[in-house]
Amino acid sequence: MYIIGIDVGGTHTDAALLQGTQVVALAKVPTDHGDLFSSTRQALEDILVQYPGDGPLKLQLSTTLSTNAIVEGRGVPTQVVAVPGPGVNLDSLRFPFPVHKLSGYIDHRGREAAPLDPVELNGLRDVLGSGEGEAAAVVGKFSQRNPSHEQVIGAELEKWYRGTISLGHRLSGRANFPRRITTAYLNASVAQQQLGFVKMWKDVLGKLNIPLEDVLILKADGGTMALQESALKPIETILSGPAASTMGVQALTSREDANYLIVDIGGTTTDLAVVVEGEVLYERDGAVISGYRTLVPAVLTRSLGLGGDSELHFSPDGIRVGPRRAGKPVCLGGEGLTPTDAVTALELAQVGSRSQAVQALEDQARQLGVDWPELAERIIQAFTAQLARAVEDLYRELESIPLYTVREVLNPPDLRPTAVVGLGAPAPVFIPKLAQFLNLPYEVLPFSAGANAIGAAAAQATLGLTLHADTELARITLPELGRQEEIRRPLFFDLAKARSRVEEELKELAQAQGYQDAEIYVVEEESFNMVRGFRTVGQRHMVRAQLRPQVRRVRG
Amino acid sequence: MAQEPVVGLVFFPAFDWAISPDHPERQERLLYTRDQIQEEGLFDHPRIREFRPRLAEDREILRTHVVLPSLERNITESHRIAAGGTIVAADLVVDGTVDRAFALLRPPGHHANRFVHGARGFCVLNNEAIMVDHLRHRLGADLRVAIVDTDAHHADGTQDVFYNDPGVLHISLHQDGRTLYPGTGFTFERGGPGAFGQTVNIPLPPGTGDEGMLMALEEVVLPILEDWRPDLVINAAGQDNHFSDPITNMGFSAQGYAKLTDLLQPDIVVLEGGYSIESALPYINVGLLLALAGLDYSQVEEPGGLRRPIQSRAITKQVEETCREVLQLWKTREQADLKSEFGPGPFYERRRQIYYDTDNIYESQQEYIRLCPSCPGWRVVYTTSTRNQEPVAALLLPWQPCASCRGEAEEQREKLQGDKRLTQIIWQEPA
């Protein structure tokens with residue numbers, strides 16, 4: 001099986017062709033922002049030149065379609081129908097989109113505490129309009145515990161609403177009503193566009209004279225999803241570019257450390273990601289995009305305004321790098337001195353004109369009363385120190401994540417890295433220095449390796465399911481599947497049963513989506529006895545299972 | 001206070017700890033609170049920041065408590081985390097990391113006395129008291145701290161710890177001790193000779209609702225605070241005044257708690273009791289957090305809020321009378337004749353029997369307080385219990401003792417060291 005990975009980036013669209021664990025070819029074309037499809041096709045064609053044509057092909061695509069639509073505010077007009085019940089006043093959250101509140105509510109156990117009002121339901125037609133060319137999101141508080149209100153409203157809208165409809169519980173089984181509202185809103189607003197994209201690829205698939213069997217879409221968690229699935233959950237495709245790079249590092253690194261730090265140094269920013277026990281860390285709640293807080297599972301990345309082309313600020317206290325970009329480095333014809341100029345002048349890398357870099361350093365050095373080589377060294381030192389501080393801040397932040405059990409407080413998880421893996425053009429200069437600073441071994445991946453496209457190709461399916469069970473209420477809820485069932489023998493429905501139940505469901509779902517042999521594991525589970533008046537009346541279980549996020553290790 | 005206060009939340013539900021499987025202090029107690037806060041998105045709110053608790057160290061605990069026969073024999077890690085988490089909350093405020101803090105954790109502490117032979121009222125270590133002493137250790141003994149305890153049960157432990165401590169004003173609002181554990185907290189309990197009048201008890205009749213609680217707050221508590229001018233106000237926020245609480249008989253609502261918080265404007269809030277874990281705590285805690293952060297709590301309402309009993313007129317009248325009495329006692333506290341309260345000296349003697357309901361222990365205590373004109377006076381306490389039958393003596397110095405009290409206490413220690421009946425002589429000197 002051959003796999004083509006394509007990552008549509010801000011500047012370039014990269015492609016990689018993998019056969020098994022071997023990188024066969026790489027390609028790079030400029031991204032055409034006016035027509036993303038044409039640059040994607042160009043990258044595909046370029047890479048196909050090197051395709052020997054002796055086996056089936058699969059395409060794994062990291063697109064910026066939904067990301068751009070959200071960042072640029074180009075989604076269709078979308079309204080939210082919310083069932084907030086009592087609690088935080090929704091109006092005080094000031095969502096930047098219309099939210100219509102309905103009465104009725106589900107409590108924290110998933111019980112209906114107050115019903116929907118049929119009169120208000122009927123009135124939605126006047127509130128929402130016909131929906132032509134628009135979209136609506138329906139979100140209730142605690143809908144992950146009991147989606148029935150969302151389902152009733154959804155069914156009502158189906159009758160007459162002509163726009164796209166997104167229901168909150170289908171997008172996430174996790175708690176956080178404001179984030180679920182935002183997630184469903186964004187999902188609804190880009191769904192139409194994604195549907196067009198899916199249709200287009202389906203057409204293309206039929207017309208190509210190559211054995212392209214499947215197209216998969218990269219997600220923010222670094223995994224893939226089926227093309228068809230992406231039309232229902234386009235929100236999961238956001239921020240897949242940074243995730244793909246992280247996956248690429250995992251695929252390419254030769255380090256065998258359980259915990260390591262990934263440092264991707266670019267011209268404008270440096271991106272940090274963290275691997276713990278062989279798996280990349282996710283954001284605690286979900287992706288944040290353009291100020292929108294979502295519940296979309298996402299690789300945790302921290303972007304620093306620190307890059308080869310960053311501005312330099314000189315003061316008596318020392319040198320500060322960034323956070324803004326200076327423009328082009330002087331060695332490439334720019335105006336302001338940058339870290340790249342220091343690197344070039346010291347002949348640590350060859351970028352443009354060394355003499356111009358030296359000249360600019362001399363000018364600045366004279367003002368400061370030092371030799372230019374010393375100034376260049378100090379710039380590199382300042383860059384490294386700032387980066388090391390940011391790394392420390394990140395680990396401190398991760399280590400402050402609350403713990404809710406005595407066991408965890410006594411033995412907090414060890415997140416600290418035992419190695420640094422770096423990539424990006426300035427990485428060969430800065431990573432060894434950073435590693436020295438942190439007193440860790442390091443590896444620098446070659447710049448030409450195309451980690452983002454390789455990451456896109458090496459990524460594997462991720463799919464998750466949540467199960468909430470309440471044996472006193474004798475009820476199971478599988479929010480992402482929109483299903484609720486009665487437990488027939490509540491007394492015997494223990495955590496082990498809950499676990500095997502969600503694993504079975506997930507296995508079935510995975511097979512239906514074409515993932516035959518993925519490993520399923522439980523990411524999170526909890527179980528409580530419910531005691532009322534000194535008597536155990538039932539148990540409450542929550543189990544979240546997913547396909548193990550894996551990356552094929554590749555040889556560059 | 002900042003216009004848009006940032007609240008530090010130290011949330012520690014101890015999901016793997018219980019007194020016993022079906023005890024009210026069990027794993028499940030803060031489960032629904034966690035669910036509600038999480039679903040409301042408050043862990044994620046820009047004005048609410050969550051922090052990790054830590055373990056309290058021996059010296060932090062022993063600055064406040066005398067634990068018999070030893071610390072290890074009485075506490076679990078969970079107690080250390082609750083006390084340490086409360087200290088974290090206080091430090092966040094003092095460091096200026098946040099404007100206010102809420103230690104939403106368990107197990108609770110306000111029934112724990114200075115002397116600890118075991119657990120009373122589900123408490124072993126007094127979280128607030130340990131925190132207050134930590135703050136004085138950090139910031140100096142001059143710090144003035146007011147504790148307003150709004151748990152339905154009288155905060156007898158906290159009252160005991162600070163009973164003779166002029167640096168602390170302790171106000172407890174609770175269901176009348178004639179009708180509820182621990183059976184104390186009457187208006188005539190006004191503090192020891194070194195801090196007379198600074199123990200303020202406001203017993204409320206069973207059935208008191210939002211109206212009565214808020215009346216006591218506005219007409220008694222706030223004026224007293226205004227008068228005493230503390231550097232820090234701490235709210236020991238028990239949540240068992242709620243009308244749905246299974247072990248008390250009060251009529252408070254989630255809205256009432258939020259309003260109380262809004263009026264009191266505490267710097268640090270520490271959770272105490274509250275055992276209506278499904279119907280009350282999730283809503284009370286959301287309301288409390290919103291009020292602390294200066295956010296809109298008007299829509300917070302527990303299910304069945306309409307079933308809340310109306311406070312009767314008879315109760316309102318009774319609350320009014322208590323308020324008048326307490327305020328009068330406060331205003332006249334400096335005119336009180338200490339000689340008639342505590343005798344002519346040189347020592348005031350107090351003998352007590354203390355029952356530890358959770359562990360079924362009886363303690364017998366004999367205490368002598370030196371009536372000193374220049375400091376709160378040194379103390380010697382002799383204690384035995386059905387668990388620790390060998391008598392123990394403890395010499396307690398106040399914060400900032402005068403030289404002669406220190407000298408006398410040292411002399412007494414030497415004398416006691418010759419006494420073969422005593423198994424331990426403990427010297428406690430806060431600093």
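Predicted model: local features only at pLDDT ≥ 70, side-chain atom pairs only at ≥ 80, totals over all residues.
The domain assignment of chain B gives domain 1, residues 7-333, and domain 2, residues 338-428. Taken over C-alpha atoms, the centres of domain 1 of chain B and domain 2 of chain B are separated by 28 Å. Domain 1 of chain B contributes 36 residues to the contact, and domain 2 of chain B contributes 35 residues. Between them, the two domains of chain B bury about 2800 Å², with 58% of that area on carbon and sulfur atoms.

Two salt bridges are found across the interface of domain 1 of chain B and domain 2 of chain B. Asp160(B) is joined to Arg350(B) by a salt bridge in which the closest N and O atoms are 3.8 Å apart. On the side of domain 1 of chain B that touches domain 2 of chain B, the elements giving two or more residues are strand 5 (115-116), helix 4 (127-139) and helix 5 (156-162) of chain B. Helix 4 of chain B provides the largest share of that side, three residues. By residue type, this side of domain 1 of chain B comprises 16 nonpolar, 12 polar and eight charged residues.

## Domains of chain A

Chain A is assigned domain 1 (78-191), domain 2 (310-444) and domain 3 (464-547). The centres of domain 1 of chain A and domain 2 of chain A, taken over C-alpha atoms, are 46 Å apart.

## The interface of chain A and chain B

The size of an interface is often given as the accessible area lost when the parts come together. Chain A and chain B bury about 3700 Å² between them, of which 54% is on carbon and sulfur atoms. His108(A), Tyr404(A) and Phe528(A) supply 20% of the area that chain A buries against chain B, more than any other three residues. The contact involves 46 residues from chain A and 43 residues from chain B.

Between chain A and chain B the rule finds 12 salt bridges, and 31 residue pairs are in polar contact, both at pLDDT 80 or more. The elements giving two or more residues to the side of chain A that touches chain B include helix 6 (177-207), helix 11 (372-399) and strand 26 (520-532) of chain A. Strand 26 of chain A gives the largest share of this side, six residues. The residues on this side of chain A divide into 20 nonpolar, 11 polar and 15 charged. Glu526(A) meets Arg34(B) in a salt bridge, at 2.5 Å from N to O.

## Salt bridges within the chains

Over all chains, the count comes to 68 salt bridges. In chain B, Asp156(B) and Arg120(B) form one whose closest N and O atoms are 2.9 Å apart. Asp156(B) lies in helix 5 of chain B and Arg120(B) in the loop between strand 5 and helix 4 of chain B, so the pair ties together parts that are 36 residues apart in sequence. Both Asp156(B) and Arg120(B) are buried.

Arg370(B) and Glu408(B) form another salt bridge, with the closest N and O atoms 2.7 Å apart. Because Arg370(B) lies in strand 12 of chain B and Glu408(B) in helix 11 of chain B, this pair ties together parts that are 38 residues apart in sequence. Arg370(B) is partly exposed, at 21% relative accessibility, and Glu408(B) is partly exposed at 24%.

How values were computed:
Residues numbered from 1 in each chain as written. Chains lettered and ligands numbered in written order. Heavy atoms only, no water. Domains from an automatic or database assignment. Contact = heavy atoms within 4.5 Å. Buried area = accessible area lost by both parts, 1.4 Å probe. Salt bridge = Lys/Arg side-chain N within 4 Å of Asp/Glu carboxyl O. Helix = DSSP H or I, 4+ residues; strand = E, 2+ residues; numbered from the N terminus. Nonpolar A, V, L, I, M, F, W, Y, C, P; charged D, E, K, R; others polar. Polar contact = N/O pair within 3.5 Å; in protein donor to acceptor, adjacent residues only side chain to side chain. Buried < 20%, exposed > 50% of the residue type's maximum accessible area, 1.4 Å probe, protein only.
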